[in-house]
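Trainee: I would like a close look at one part of this model. Please take the aromatic pairs and what surrounds them.

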Amino acid sequence: MTHFRIVQISDTHLSPSKPYFNANFDRVADWLRQERPDAVFHTGDIALDGADRDEDLTFARAAHDGLGLETAFVPGNHDVGNNAEPGEVVHQGVDVKRLERYRSVFGADRWVRDIGAWRFVGLNSALFGSGLDEEAAQEAFLAEALAAGPGRPIALVLHKPLFLDEPEEDAATGYWYAPRAARGRLVDLIAAADVRLVMSGHIHQQRIRLWRSTAMVWAPAVAFVVPDWNHERLGEKQCGLVDYRFSGDRVTVRTVRVPGTVDHDLGDFEGAYGVLPRTN
């Protein structure tokens, strides 16, 4: 396959008991069924409270199965719990039980897909800096996946961006980006391979930035935008998705505003989402 198309969706936050954002997903699902890309990659926060509610996970999985499209998932903090910088206390910390619950519904939380000239590597960003045995296992998995693909351009698929602007920055916490303790090891692995694209979500803003020779793409959320008091404006705050067209070893990227979706402000749903950190 020389030419192919992948659509990235992220942060759908689906729930049967708190259906605030389900209508946005329904509009996106209609669009996907009409467009029929070769694959859909979901970059996490599939469910609203999947970290604690089985019914949110199973509801979200059934909704995506209804697309009738090839779909691959990586978990977000609302699916498996959160990681943190050392000494930070987080809401719903990632643990083995939450990982097992996610995997029982969505399957593996890390994976490799070879499509056309490209290798796509899905990662569980909640493991970064977690100290769990699974963190070391995933780093070994990543090293093997990168080494096994010589000659292939590589794209990483994960929920949290690795960093804001530079790996060495100090300001960003483990809630928004990969914790600093894990970031250096990850960047070293990436620097030694032909990683040309990093597909992430979590920030609920659309942003495309080149770091060295790697395109760092933040997908907008399907569900809602975050208010400025919760996270500063770093890109475009509107709901949508990302449409990738691959041709050989090249890729073009565009963000799409799906007709009928609503830019819900999270502030309108106080108590629906759990604990939110203030960053400014």
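How many aromatic pairs does the structure hold?

Mentor: The structure holds 15 aromatic pairs. Keep in mind that this is a predicted model. A pair of aromatic rings is described by the distance of the centres and the angle of the planes.

Start with Phe 4 and Phe 246. Their rings are stacked, at 4.6 Å centre to centre and 5° between the planes. The two residues are 242 apart in the chain, with Phe 4 in strand β1 and Phe 246 in strand β11. Phe 4 and Phe 246 are both buried.

Next, take Phe 21 and Phe 224. Their ring centres lie 4.8 Å apart with the planes at 45°, so this pair is tilted. It also links distant parts of the chain: Phe 21 sits in the loop between β1 and α1, Phe 224 in strand β10 (residues 224-225), and 203 residues separate them. Phe 21 has 1% relative accessibility, so it counts as buried. Phe 224 has 0%, and therefore counts as buried too; the cut-off for buried is under 20%.

Ring pairs also build a cluster. Its members are Phe 4, Phe 41, Trp 111, Trp 118, Phe 120, Tyr 244 and Phe 246.

Five strands form an open sheet with mixed pairing, in the order β3-β2-β1-β11-β12. At the edges are β3 (71-73) and β12 (250-256), each pairing on one side only. Direction ignored, neighbouring strands of this sheet are turned by 20° against each other on average. Helix α1 (residues 22-35) packs on the sheet and touches β1 (3-9), β2 (39-42), β11 and β12. The direction of α1 makes about 175° with that of β1. Strand β11 (residues 241-247) pairs with β12 in the antiparallel sense, over seven bridges. Within these two strands, Asp 243 stands opposite Arg 254 in β12.

The nonpolar core comes next. In soluble globular proteins, nonpolar side chains tend to be buried together. Here the largest nonpolar core has 28 residues. Those touching the most other members are Ile 9, Val 28, Trp 31, Leu 32, Tyr 102, Phe 106 and Leu 241. Two or more residues each come from β1, α1, α2 (54-65) and α4 (96-106). Helix α1 gives the largest share, five residues. Look at Val 28 in detail. Leaving out residues up to four places away in sequence, Val 28 touches Ile 9, Val 222, Leu 241, Val 258 and Thr 261.

Six strands form an open sheet with mixed pairing, ordered β4-β5-β6-β7-β9-β8. Its edge strands, β4 (111-115) and β8 (207-211), each pair on one side only. The twist from one strand to the next averages 15°. Strands β6 (residues 154-157) and β7 (residues 195-200) pair in the parallel sense over four bridges. Ile 154 has Val 195 in β7 as its bridge partner. Helix α5 (residues 133-147) packs on this sheet, touching β4, β5 (118-122), β6 and β7. The directions of α5 and β5 make about 175°.

Finally, two rings have a charge over the face. Arg 110 lies over Phe 141, at 5.9 Å from the ring centre. Lys 160 lies over Tyr 175, at 5.6 Å from the ring centre.

Key
Residues numbered from 1 in each chain as written. Predicted model: local features only at pLDDT ≥ 70, side-chain atom pairs only at ≥ 80, totals over all residues. Heavy atoms only, no water. Pairing = 2+ DSSP bridges. Axes fitted to C-alpha atoms, helices over the stretch in contact; angles between N-to-C directions. Contact = heavy atoms within 4.5 Å. Core = buried A, V, L, I, M, F, W, Y, C linked by side-chain atoms within 4.5 Å. Buried < 20%, exposed > 50% of the residue type's maximum accessible area, 1.4 Å probe, protein only. Phe/Tyr/Trp six-rings, centres within 6.5 Å; stacked < 30°, edge-to-face > 60°. Lys NZ or Arg CZ within 6 Å of the ring centre and 35° of its normal.
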